[in-house]
Amino acid sequence: MDIKKIRELLDLMEEKDLLNLEYGYDDKYIGLTRNTAVQTVATTQVVSAAPSATTPAVVKPSGQLETSPMVGVFYSAPSPNDPPFVKVGQKVEAGDTLGIIEAMKIMNPLEATQSGIIEEILVKNAEVVEFGQPVIRYKA
């Protein structure tokens, strides 16, 4: 593959705002990945000073989120007959596998970026996830 073709692929990635691109023909193959910083946005809820019957007195902030690094299909277990990688209430360490994201027939492990206790699994097994979509919530 010549440099001209690689530059065309890079231009296509830029034009379509793609993070990953895999291209192959005959016995040649190239995989390109753009490095972009992912920013997590924290939200807060405001509660009035005088709680009413419909307003909770205390608002529990949400814990940290683990987001999908790519578009693909999320799998919670290595195979349909195996137990899931993680369950609600389970303690995980940074680097532990939380699930698998299949993208273009490649199985990519979703690894914990932090240690914590799983509060909620936000996607179902075999559900399509988008880039940056929250997948796991840790307890605050």
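The legends below describe close-up views of a predicted model. Local features need pLDDT of at least 70 and side-chain atom pairs count only at pLDDT 80 or more, while totals for chains, interfaces and linings use all residues. Residues are numbered from 1 along each chain as its sequence is written, and side-chain values use heavy atoms, with hydrogens and water left out.

**View 1. Helix α1 spans residues 3–16.** Helices (DSSP runs of H or I, at least four residues) and strands (runs of E, at least two) are numbered from the N terminus. The 14 residues of α1 reach 20 Å from first to last C-alpha, close to the 20 Å expected at 1.5 Å a residue; the expected span is 1.5 Å times one less than the number of residues. Ile6, Leu9 and Met13 are the buried residues of α1, where buried means under 20% relative accessible area, exposed over 50%, and partly exposed in between (1.4 Å probe, protein chains only). They lie on the same side of α1 because they cover an arc of only 60° around the axis, the arc being that of the directions from the helix axis to the C-beta atoms. Lys4, Arg7, Asp11, Glu14 and Glu15 are exposed on the other side of α1. Just after the helix, Asp17 has a positive phi of about 55°.

**View 2. Strands β1 and β2 are among what covers the buried residues of α1.** β1 comprises residues 20–25 and β2 residues 28–33. Leu9 of α1 counts as buried because its relative accessibility is 6%. Leu9 and Leu32 are 23 residues apart in sequence, and their C-alpha atoms are 8.5 Å apart in space.

**View 3. An open sheet is formed by four strands in the order β7-β6-β4-β9.** Its pairing is antiparallel; two strands pair if DSSP finds at least two bridges between them. β7 (106–111) and β9 (127–129) are the edge strands, each pairing on one side only. Neighbouring strands are turned by 40° against each other on average, direction ignored; axes are lines fitted to C-alpha atoms, and angles run from 0 to 180 degrees between N-to-C directions. Strand β4 (residues 72–75) is joined to β9 by three bridges, and Phe74 stands opposite Glu127 in β9.

**View 4. The largest nonpolar core has 15 residues.** A nonpolar core is a set of buried Ala, Val, Leu, Ile, Met, Phe, Trp, Tyr and Cys residues joined through side-chain atoms within 4.5 Å. Phe74, Val92, Leu98 and Ile118 have the most contacts inside this core. Two or more residues each come from β6 (97–103) and β10. Not counting residues up to four places away in sequence, Val92 touches Val86, Leu98, Ala112, Gln114, Ser115, Gly116, Ile118 and Tyr138; contact means heavy atoms within 4.5 Å. Another core, of six residues, lies apart from the largest one and includes Met13, Leu21, Ile30 and Leu32.

**View 5. Met104 and Lys105 lie in the loop between β6 and β7.** Most residues other than glycine have a negative phi. Phi is positive at Met104, near 55°, and at Lys105, near 65°. Met104 is exposed, with a relative accessible area of 58%, and Lys105 is exposed at 74%.

**View 6. Ala140 is in the segment after β10 (134–138).** With a relative accessible area of 75%, Ala140 is exposed. Ala140 and Gly63 are 77 residues apart in sequence, with 3.9 Å between their C-alpha atoms.
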